[in-house]
Amino acid sequence: MKILIVGDIFSKMGRESFERNLKKLKREENINFIIVNGENTSHGKGLNEKHYKWFMELGVNVITMGNHTYSNRNIYNFIDDSKSIVRPANFSQDLPGVGYTTKNYNGIKITVMQFIGKVFMNNPNDEDPFEKTQELLDSIDSNIFICDFHAEATSEKVAFGHCFDGKIQIIYGTHTHVQTNDARILPKGSAYITDVGMTGAMDGVIGVQKNIIIDRYLKKSTNAFEPEDKGKAQFCAIIVEIDEKTFKCQNIKVLNIIE
Ligand SMILES: [Fe+2]
Ligand SMILES: [Fe+2]
């Protein structure tokens with residue numbers, strides 16, 4: 001089976017690029033399961049109900065979030081009713097939403113989990129992601145585990161990958177919005193990439209209009225972020241093929257489509 005995983009979908013340009021490329025991939029590849037990172041879908045911060053429903057209509061199976069899970073407060077209206085939204089499992093248990101979901105695909109149990117990193121993430125209240133991951137792996141019954149590690153530091157992500165190699169079939173990073181060139185099958189069989197990358201405007205600064213960010217550095221400006229809405233878009237994703245009988249990863253393919 002082929003699992004498509006799309007990196008942080010950022011605002012309007014990201015949504016348009018996602019819809020266009022998803023339709024093309026559905027025609028060209030036999031995609032069985034779709035996971036997207038949705039933390040930047042609505043105007044670059046968070047996910048509103050309209051865009052959540054749009055993902056569902058397009059056939060998305062699971063939406064993972066991240067540090068922007070609650071940036072759009074509209075999510076409080078639907079996150080607890082959804083079986084398809086996953087926010088970091090090592091957030092406080094008092095926060096709305098869940099840290100994993102198990103879906104049934106043709107009798108195969110597929111569990112998608114998300115954890116948020118500790119390094120450079122400024123969230124002192126988050127539980128340790130490594131310990132929390134092992135805790136969930138010990139308590140969930142599933143054929144296939146897939147994990148979105150939402151983190152900044154490449155070293156933390158690579159360590160996480162090796163730590164859970166062979167225990168989680170697909171370990172992938174999100175959050176930096178910059179795709180890394182290290183996709184591979186790890187020694188014990190997990191498909192791995194440090195960061196899937198972003199789906200959104202190519203010529204902004206990780207999705208935001210570049211002059212706003214440059215002014216933050218040059219002029220100590222505090223102007224609000226606005227999504228870039230012109231120029232080329234990039235679609236960043238991976239497709240992982242898993243054997244439906246052995247549940248072993250067969251290959252990982254990286255997509256970076258600029259148009
Ligand atoms: Fe993030
Ligand atoms: Fe993001």
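**Figure 1. The hairpin of strand 5 and strand 6 in a predicted model.** Thr102 has Thr111 in strand 6 as its bridge partner. Strand 5 spans residues 100-105 and strand 6 spans residues 108-116. They pair in the antiparallel sense, over 6 bridges. Pairing requires that DSSP finds at least two bridges between two strands. The hairpin has 2 residues between its strands. Asn106, in the turn, has a positive phi of about 50 degrees. Strands here are DSSP runs of E with at least two residues; helices are runs of H or I with at least four, and both are numbered from the N terminus.

Residues are numbered from 1 along each chain as its sequence is written, while chains are lettered from A and ligands numbered from 1 in the order in which they are written. In this predicted model, local features need pLDDT of at least 70 and side-chain atom pairs count only at pLDDT 80 or more, whereas totals for chains, interfaces and linings use all residues.

Figure 2. Helix 2 covers residues 49-57. His51, Tyr52 and Phe55 are buried. The arc is that of the directions from the helix axis to the C-beta atoms. Buried means 20 or more other C-beta atoms within 10 Å of a residue's own; exposed means 12 or fewer; partly exposed lies in between, with C-beta atoms placed from the backbone. Gly59 follows helix 2, with a positive phi near 90 degrees.

**Figure 3. Helix 3 and its packing partners.** Which residues of helix 3 are buried? They are Pro129, Thr133 and Leu136. They cover an arc of only 70 degrees around the axis, which puts them on the same side of helix 3. An α-helix has 3.6 residues a turn, so residues three or four places apart point the same way. The buried residues of helix 3 pack against strand 5, strand 6, strand 7 and helix 4. Glu131, Asp138 and Ser139 are exposed, on the face turned away from the buried side.

**Figure 4. Asp126 in the loop between strand 6 and helix 3.** Helix 3 spans 129-139. Asp126 has 19 other C-beta atoms within 10 Å, so it is partly exposed. Leaving aside neighbours within four places in sequence, Asp126 contacts Asn90, Phe91, Ile116 and Lys118. Two residues are in contact if their C-beta atoms, placed from the backbone, lie within 7 Å. Lys50 is 76 residues from Asp126 along the chain, and their C-alpha atoms are separated by 29 Å.

**Figure 5. Ala153 in the loop between strand 7 and helix 4.** Strand 7 covers 144-150 and helix 4 covers 154-163. Ala153 is partly exposed because 16 other C-beta atoms lie within 10 Å. Not counting residues up to four places away in sequence, Ala153 touches Gly117, Val119 and Phe120. Ala153 and His175 are 22 residues apart along the chain; their C-alpha atoms are separated by 9.9 Å.

Figure 6. Buried residues make up 47% of the 259 residues. The C-alpha atoms fill a box of roughly 55 × 45 × 35 Å, taken along the principal axes. Among contacts between residues at least 6 apart in sequence, 65% join residues at least 24 apart.
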